[in-house]
Amino acid sequence: MLTPKWYQFLVGVFASLGSLLFGYDLGVIAQVIASQSFITKFNPSDDKIAAVVSVFTGGAFFGAAAAGPMGDRLGRRWTIMIGALVFCLGGALQTGAQALSYLYSGRAIAGLGVGILCMIIPLYQAELAHPSIRGRVTALQQFMLGIGALAAAWISYGTYVGFDPTNDGQWRTSLGIQIVPAVFLAALILLFPESPRWLIDHGKPDLGLQTLAKLHAHGDTTNAWVQAEFQQIQDAVVFEHEHEAKSYAELFQDKSCFRRLFLACALQASVQMTGVSAIQYYSVTIYGLMGIKGDDTLKYQAISSIIALIAQALCILFIDRFGRRWPLIFGNLGNCVTFIIATIMLAKYPPGSNDNQAAAWGFIVVTWVYNFCFSATCGPLSWIIPAEIFDTKTRAKGVSIATMTSFAFNTMIGQVTGPAMKTAGYKFYLLFVICNLTNAIFFWAVLPETAKRPLEEMSKLFRDAPLFVPGIDKKDWAENDLERRVEGFKAKQDGVAHSEVGENPGYGDH
């Protein structure tokens, strides 16, 4: 029989199929617009190609906005199912495209579905998971995104070399394959448990208790941990209904809620400003200078993808041991160092001005080091932290706004990077040197440690803890109300057991 934590982890793995769709779609479109059969059929201009790429993140922005109210009203599972079905529709339109207008609408609709899924999935995972493994379960979002990107690279390669350049199957096949995991997700998600916090918040405490027991104690509703968490969630829900924000406007008016919203949005924006798009920009040019062309570039992109996956796997293994605060700070500092090296190399050996292969190799290795550093820290933490810092009443709304911020900055960086690289060249990289450094300083100053803290205790932390975090006395915040409740329930159960033995001395002989 599976242990409860393995069960929670595997539910999280299945739910994160939605993140795989995001990674796959991001990865596959580059091959599609480069396919000879696609160019022959549509003859797109550069502006039209840019639009094909960018309408996806535009759709995702609105999907994330819609997912907030949907998650609160319909529940987490139904929202995931709707996101997957919307993605299927978008994928079908892209696959069957007879004109660019089909592709635009398909990309926008698929983006809408991805926006819904990227917002709701980490939230659903965080609400199911035990505090001690919550980080590794929500880190699955970034890991599956990486799996999706790697799958897209190899499937694209297969269709690129396997189909004739005049055959539309060269790009339609890779677009059609993305529908398969979405169908599985939509078909099966209702077989998995609903968030117990959503059930209790919506007047279904008995079902919430049964779900907690199924998740944490093989269905034993009398388990001390289950009873303690159930009581803590109920107490928190009652308090939230009376005092906490119930609308988007109140998120900005309530001091504790706004502090968390500001942090979550700052985190998502900061991740886009680490330069994750920009550092890859010169890679293709430098591959060409090194004599790596055509099919061989896939090999080096695949190496980069595998490095990212290894880093994301390490994050899953260790994030609950090392916490959130220091990995994020050191991750940004590591990014900063790689950008300093990359800036110096590009300034001294500009692409195209010489045939210095050693410098080119050096730059490629720096991009790999950056990729590892980003994928082990900033990438996964941008999903982990927003999903765990809000109250049950505000979680869907807060995570929705944070995810919208991510897609807004993603779209902005995507539009700016190309022109900025052409006009400013390596000097554009100085922006990311500065941003990574200021990210590290900012989170050192304002981000409290949230690892292993029960979701219901985040409110007290962000309401009462000083705004300048380094001044916090750790002893004041080490107390865990949930553990105290568990001990209370265990003592009560032991007392009942002893009294039963006292009343019936022969009880222990049978």
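**Reading the features**

Mentor: Leaving aside neighbours within four places in sequence, Gln312 is in contact (heavy atoms within 4.5 Å) with Gln142, Phe143, Gly146 and Ser375. Gln312 lies in helix H17, residues 296-322, where helices are DSSP runs of H or I with at least four residues, strands are runs of E with at least two, and both are numbered from the N terminus. This is a predicted model, in which local features need pLDDT of at least 70 and side-chain atom pairs count only at pLDDT 80 or more, while totals for chains, interfaces and linings use all residues. Residues are numbered from 1 along each chain as its sequence is written, and side-chain values use heavy atoms, with hydrogens and water left out.

Trainee: Is Gln312 buried or exposed?

Mentor: Gln312 counts as buried, at 4% relative accessibility; buried means under 20% relative accessible area, exposed over 50%, and partly exposed in between, with a 1.4 Å probe and protein chains only.

Trainee: How should I read the packing of H1 and H6?

Mentor: Two packed helices are described by the angle between their axes and the distance between the axes. Here the axes of H1 (residues 4-15) and H6 (residues 100-128) come within 10 Å and cross at roughly 170°, which makes H1 roughly antiparallel to H6. Axes are lines fitted to C-alpha atoms, for helices over the stretch in contact, and angles run from 0 to 180 degrees between N-to-C directions; under 35 degrees counts as roughly parallel, over 145 as roughly antiparallel, 65 to 115 as roughly perpendicular and the rest as oblique. Gln8, Val11, Gly12 and Ala15 in H1 meet Ile121, Tyr124, Gln125 and Leu128 in H6.

Trainee: Which residues does Ser16 touch, beyond those up to four places away in sequence?

Mentor: Ser16, found in the loop between H1 and helix H2 (17-34), touches Ile121, Gln125, Leu140 and Met144. Ser16 and Met144 are 128 residues apart in sequence, yet their C-alpha atoms are 6.4 Å apart in space, and Ser16 is buried, with a relative accessible area of 0%.

Trainee: How many disulfides are there?

Mentor: A disulfide is a covalent bond between the sulfur atoms of two cysteines. With the rule that the pair of sulfur atoms lies within 2.5 Å, the count comes to 0. The sulfur of Cys315 is 10 Å from the closest cysteine sulfur, in Cys378, which is too far for a bond. Cys378 is likewise in no disulfide, the nearest cysteine sulfur, that of Cys373, being 6.5 Å away.
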